[in-house]
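User: I am new to this structure and would like to learn how to read some of its features. Please take them in turn, with the general idea before the case.

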Amino acid sequence: MKKEERNAAITKWVLIGITILFLGIMLLLPLIVVLVQAFRGGIAAYMSAVADEYTIRALLLTLEATLCAVILNTIFGLFASFAVTKFDFKWKKILTTLIDVPVTVSPIIAGLIFILLFGRRSILYEWLKAIHIKVVFAVPGIILATIFVTFPFISRELIPIMEAQGKDEEEAAALMGANGWTIFRRITFPHIKWALLYGIVLCTARAMGEFGAVSVLSGHLRGRTNTLPLHIEILFNEFQYIPAFAVSSILVVLAIFILVVRSVLESRGKKEYES
Amino acid sequence: MYVELKDINKSYGDFKASKSINFGVEKGKLIGLLGPSGSGKTTILRMIAGLETPDFGEIIIDGQVVNEIPASQRGIGFVFQNYALFRHMTIYENVAFGLRVKKEKKKYIDERVRELLKLVGLEGLEKRYPSQLSGGQRQRVAFARALAPNPHLLLLDEPFAAIDAKVRLELRSWLKEMIEKLGITSIFVTHDQDEAIEVADEIIITNQGRIEQMGTPLEIYQDPQTPFVASFFGQPSFLKDYQSFHSFEAIDNYTEAIVRPEFVNVTKKNEVQKYKSSASEGVVTEVSFRGDSVEVQVSVNGEKLSAKRSLELQPVTVGEKVDVFVYRMLVTEGKRVHLLENQSLHEDSVII
Amino acid sequence: MKKRIVGIQILLLVLLSVMLTACGASSRHKNISIVNVSYDPTREFYEEYNKLFADYWKKQTGQNVEVIQSHGGSGKQALEVSNGLEADVVTLALEYDIDAIAKEGLIRKDWKKQFKKDSAPYTSTIVFVVRKGNPKQIKDWDDLAKDGVGVITPNPKTSGGARWNYMAAWAYAMEKYGDETKAKELLKKIYSNVLVLDSGARAATTSFIENKQGDVLIAWENEAYLSIRDFPDEYEIISPSISMLAQPSVAVVDDVVDYRDTREVATAYLDYLYTEDAQKIAARNYYRPSNEKVLEKYKDVFDLSMQLKTIDDFGGWDAVYKKHFADGAIFDQIYE
Amino acid sequence: MKQKRVIPGFGLSIGVTLTMVSFIVLIPLACLLMNVTKLSIGEFIEIITRKRVLASFYVSLMTAFVASLINAVMGMIIAWVLVRYEFPGKKIIDGMIELPFALPTAVAGMALTYLTADEGWVGSLFARFGIHIAYTRIGIIVALVFVGIPFVVRAVQPVLEKLDPSYEEAAGVLGAKRSRIFWKVIFPEVLPTLFTGFGLAFGRCLGEYGSVVFIAGNKPYETEIAPLVVMSKLQEFDYESATAISLVMLVVAFVVLFINNMVQARNAKILNGGN
């Protein structure tokens with residue numbers, strides 16, 4: 001028995017070692033590289049890169065696109081998961097699959113389909129031009145692309161929770177004559193609030209970093225349609241490595257911030273769930 | 001009739017959950033819908049509540065066809081199987097919910113909630129959450145919540161299923177008392193025959209989407225109309241060749257005979273057997289203690305029978321030869337059921 | 001119930017479109033702005049030139065002009081313009097890309113005649129960048145085919161600039177062997193030495209300079225000078241005996257300037273490229289000025305002894321594309 | 001609307017859901033399909049069976065498969081370590097898992113390329129043995145492993161957490177050794193979820209673009225992935241090829257998603273017994 005226990009202890013530390021080594025190399029080292037490279041030229045170089053006009057405009061655009069995507073996806077996620085989990089209807093499976101599709105579609109293709117839909121070759125183009133709406137190679141295109149790639153993020157977090165909760169409580173409330181809004185607000189929402197926040201955080205993270213789809217739709221107009229990741233790519237292509245990594249470090253910091261928020265939310269949610 | 005179902009049909013895909021259901025419930029009665037799981041009893045309950053819509057047929061409550069009336073306006077209280085208490089609300093809020101939705105005055109709500117909590121014996125627990133209550137307490141909350149808006153009809157789906165055995169017995173009589181006291185028409189669903197017999201004024205037995213029989217517990221017990229009902233109660237034994245037992249009227253083309261343990265009298269050889277002449281000899285194959293009695297399995301002419309013996313009597317042992325007398329049996333013939341009395345019982349009375 | 005659903009859907013639609021319009025509507029400035037869609041290596045040049053032009057335009061008209069730049073692979077940029085990227089002017093790596101836009105009907109067919117010198121205000125050529133001291137002794141194109149030489153050049157399928165690289169090698173091979181089969185042999189060897197085939201010229205430079213891949217980078221002359229400017233001790237430039245005269249072309253996108261009413265400023269913007277001041281900026285950014293006087297001034301910067309072929313020597317870009325870069329054409333054969 | 005629904009709000013929620021699914025997912029995808037139908041079947045097959053295209057499919061599938069496999073193994077180990085062991089720094093490691101999600105892929109690609117190039121911190125270690133990471137298929141796999149880490153870990157973790165310890169105790173009482181308990185009792189429980197995580201990672205890896213372009217080297221037949229061919233076809237104005245190749249990728253993504261859903265549904269059926 002003793003030998004067995006010793007073996008177990010060895011296994012434990014070997015596995016922990018593997019985990020730390022693997023994650024250290026795969027996750028931590030890239031972060032460190034970004035930070036080290038960002039400060040290679042000193043604080044002054046770093047600050048001038050970060051405070052650059054184009055950087056700030058790119059940051060603002062990124063935040064705008066992220067905000068739009070998160071708001072719309074939140075609305076969608078709430079309605080979609082309510083519809084899918086609280087009601088039975090035909091084609092439900094197909095609907096849930098369709099909702100999930102954007103995650104598996106390559107970002108490049110996501111960009112391409114919007115080019116095909118709204119680009120100059122599309123019949124919609126002339127129509128949109130006539131009413132002075134620019135979609136592709138303009139901010140709306142970027143927002144659309146961002147919405148697309150993060151489309152299922154919130155519903156995906158909500159559906160399992162709402163599924164597990166069942167619909168008894170809603171039915172009971174409905175039997176007593178409560179209307180949809182009351183049922184949602186008083187019965188459904190308290191169950192999902194942490195999952196919702198969690199989904200919003202994930203959605204924000206992904207929306208901020210989207211590169212492929214946005215790259216296809218952006219047109220790379222400096223100061224106009226460059227998001228932060230695109231701006232980084234441009235800096236990188238301009239041999240401005242220090243600024244490129246410096247701007248990247250903004251995103252790294254945001255990513256870390258998001259992870260912290262996520263962890264806090266998760267443990268809060270767990271606590272609530274257990275009590 | 002306060003509640004009436006007329007020719008109700010309902011199917012889920014290929015599965016027929018209800019096949020031309022017809023029955024009526026008188027005002028103030030407590031009805032038990034009894035049947036094995038999958039027999040369609042919950043579907044009936046949910047259709048009455050308006051949680052499901054029948055494919056065909058009419059549901060009438062208080063003289064009004066309610067098919068088109070949404071669940072929330074049927075004036076029904078519903079107790080869910082798992083109670084479906086609002087986990088994120090306190091007990092007080094749970095009970096008050098229905099009243100708040102109806103926009104009742106605050107003062108009235110408060111009075112009513114306190115009155116109900118007192119009625120169900122949960123005073124002082126207003127601020128608790130459902131997760132902090134025991135199973136029995138939760139059921140009481142569910143009951144109070146269902147009653148809060150003064151429904152005319154109370155529907156309960158397996159009200160005792162989620163409670164452990166000891167509390168269940170207590171709750172049964174509590175619920176029966178409570179409903180009698182309030183005089184509210186109630187229908188509850190159960191798969192437990194004891195529960196139905198003990199609690200219900202009338203029982204409706206369902207099987208495979210059909211109603212097999214409706215009647216008082218005694219009627220159903222004593223006078224089963226279908227083979228299913230006949231075999232549903234107790235732990236019946238089935239005889240292939242009942243005529244190997246003495247003094248039973250012969251029926252042609254019978255399917256089988258059903259004998260309940262209480263129909264059988266097993267006596268030791270040294271005990272007095274009143275109807276010795278019409279008793280058969282059997283061998284004890286199994287003896288088990290049942291708390292309040294002894295269950296004895298005997299083998300008679302190759303048929304297995306189960307019987308009960310009082311604890312006061314001398315114990316029997318496995319392998320012992322005993323006399324077995326059958327008072328009566330239920331013989332099925334196709335869809336019909338015949339109650340056959342042992343004829344020696346009548347002869348006897350004639351002699352006396 | 002049905003009606004309500006339709007109502008909500010319409011509401012949602014309106015919301016969506018309002019959001020899109022709100023974000024998309026370009027607010028009318030008093031100041032004028034034009035979009036210059038260019039290719040990768042012109043960033044530094046246009047950054048400087050735009051200031052010069054803005055000053056000039058302000059003096060001429062009193063208007064503030066903001067030039068919004070977009071840079072990327074030349075082919076990709078042309079595609080985006082064809083797809084609706086609203087560029088007032090395009091300044092791309094090769095005629096072929098502008099022709100592609102013209103084929104879409106956005107630019108008039110005879111755009112080449114609109115500006116002087118075939119609408120190519122500055123030129124460049126293809127050279128090699130090697131590590132300091134030239135350890136692999138790379139002097140000319142056939143040295144690239146030697147075993148053990150790591151070559152970095154972008155993919156001519158995606159990068160306009162890379163097509164010039166390829167054609168320069170081809171020009172050398174044809175001059176040397178005069179035979180297509182042997183020329184293909186040489187190119188096959190060179191491209192089998194390619195370590196990283198990046199999608200654009202800038203990415204290739206990054207691979208060579210920053211990630212230290214390979215022994216030689218085939219690059220535009222201006223790009224080569226720019227990249228070694230930061231690392232003069234690590235790299236040197238080798239001029240091969242034969243190369244291509246690369247003619248980056250410029251054009252006004254008629255469709256867009258008519259729609260946006262910017263034809264005047266857009267035309268002026270491109271015309272002004274031919275002035276001496278602008279030509280000097282081009283030279284300072286290592287583009288060979290088309291103005292001979294200015295070129296003469298910078299003769300110690302540019303190796304004027306190289307033999308430079310033009311694309312017309314090979315029948316123009318259309319013919320070259322079909323022969324070399326179309327699916328299944330020579331470039332694909334080389335890579336089979 | 002024969003079946004009356006008890007819980008109110010079905011019309012509204014399904015309406016919003018369908019509207020948004022149509023606008024964001026369905027119509028754009030249909031647009032792509034319509035563009036493909038401009039091709040005859042012969043042309044379509046000709047395009048997608050070109051050597052370079054086939055090679056890119058192979059590279060995409062192969063690297064995604066290998067990367068997901070690595071992720072499956074490592075994900076299993078990491079999830080196990082995070083659920084079963086206590087050690088200092090565990091919370092941080094747990095919080096780090098979602099980093100690939102939060103960090104923009106372009107930044108990740110840049111950093112990983114920098115690390116694994118022959119002169120990089122990690123690349124130089126391997127270069128000594130003649131192993132090159134950046135600009136080879138190994139590089140692509142590294143990038144995809146990075147991208148796919150959270151999928152397997154986050155799929156397996158909850159299952160391991162919920163796994164009833166009495167299960168293992170039962171096996172232990174029966175005298176089974178630890179390793180045997182793992183392989184015979186725990187592993188089969190986790191396997192379906194592991195597969196789901198694998199599928200999710202695989203789907204994501206197939207479409208990944210941002211991080212791969214930096215590290216891949218993009219040599220035809222060698223390190224050119226399918227999304228890149230789409231991009232390069234687009235740059236050649238070859239819409240037909242781009243859409244045709246995209247369609248193939250979409251179909252593959254659908255198949256992956258579908259198989260995944262089937263496995264999940266089957267798994268749920270087994271665990272919950274019907275329904």
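**Reading backbone, helices, sheet and cysteines**

Analyst: C:Tyr286 lies in the loop between helix 12 (276-284) and strand 11 (288-289) of chain C. Keep in mind throughout that this is a predicted model.

User: What is the phi of C:Tyr286?

Analyst: Most residues other than glycine have a negative phi. C:Tyr286 is not a glycine, yet its phi is positive, about 70 degrees. With a relative accessible area of 18%, C:Tyr286 is buried, since buried means under 20%.

User: Where is C:Asn134 placed, and is it buried or exposed?

Analyst: C:Asn134 sits in the loop between strand 4 (122-131) and strand 5 (151-152) of chain C. Its relative accessible area is 4%, so C:Asn134 is buried. C:Asn134 also has a positive phi, near 45 degrees, and is a residue other than glycine.

User: How do helix 3 of chain C and helix 12 of chain D pack?

Analyst: Two packed helices are described by the angle between their axes and the distance between the axes. For helix 3 (residues 74-82) of chain C and helix 12 (residues 226-235) of chain D, the angle is about 70 degrees and the axes are 8 Å apart. The two helices are therefore roughly perpendicular to each other. Helix 3 of chain C contributes C:Gly75, C:Lys76 and C:Leu79 to the contact, and helix 12 of chain D contributes D:Met231, D:Leu234 and D:Gln235. By class, this contact has 3 nonpolar, 2 polar and 1 charged residues.

User: How many residues of helix 8 of chain C are buried?

Analyst: In helix 8 (residues 201-209) of chain C, 8 of the 9 residues are buried, so the helix is largely enclosed by the rest of the structure. Among the buried ones are C:Arg202, C:Thr205 and C:Phe208.

User: In what order do the strands of the open sheet in chain B come?

Analyst: The 4 strands of this sheet follow the order 11-12-18-19, with antiparallel pairing. Strand 11 (237-239) and strand 19 (336-341) each have a single partner strand, so one side of each is left without a neighbour in the sheet. On average, neighbouring strands are turned by 30 degrees against each other, direction ignored. Strand 18 (residues 328-333) of chain B is joined to strand 19 by 6 bridges, and B:Arg328 stands opposite B:Glu341 in strand 19.

User: How many disulfides are found over all chains?

Analyst: A disulfide is a covalent bond between the sulfur atoms of two cysteines. A search of the whole structure finds 0 disulfides. For A:Cys203, the closest cysteine sulfur belongs to A:Cys68 and is 12 Å away, too far for a bond. A:Cys203 counts as buried at 0% relative accessibility, and A:Cys68 counts as buried at 13%.

Conventions. Residues numbered from 1 in each chain as written. Chains lettered and ligands numbered in written order. Predicted model: local features only at pLDDT ≥ 70, side-chain atom pairs only at ≥ 80, totals over all residues. Heavy atoms only, no water. Axes fitted to C-alpha atoms, helices over the stretch in contact; angles between N-to-C directions. Parallel < 35°, antiparallel > 145°, perpendicular 65-115°, else oblique. Contact = heavy atoms within 4.5 Å. Nonpolar A, V, L, I, M, F, W, Y, C, P; charged D, E, K, R; others polar. Buried < 20%, exposed > 50% of the residue type's maximum accessible area, 1.4 Å probe, protein only. Pairing = 2+ DSSP bridges. Disulfide = S-S within 2.5 Å.
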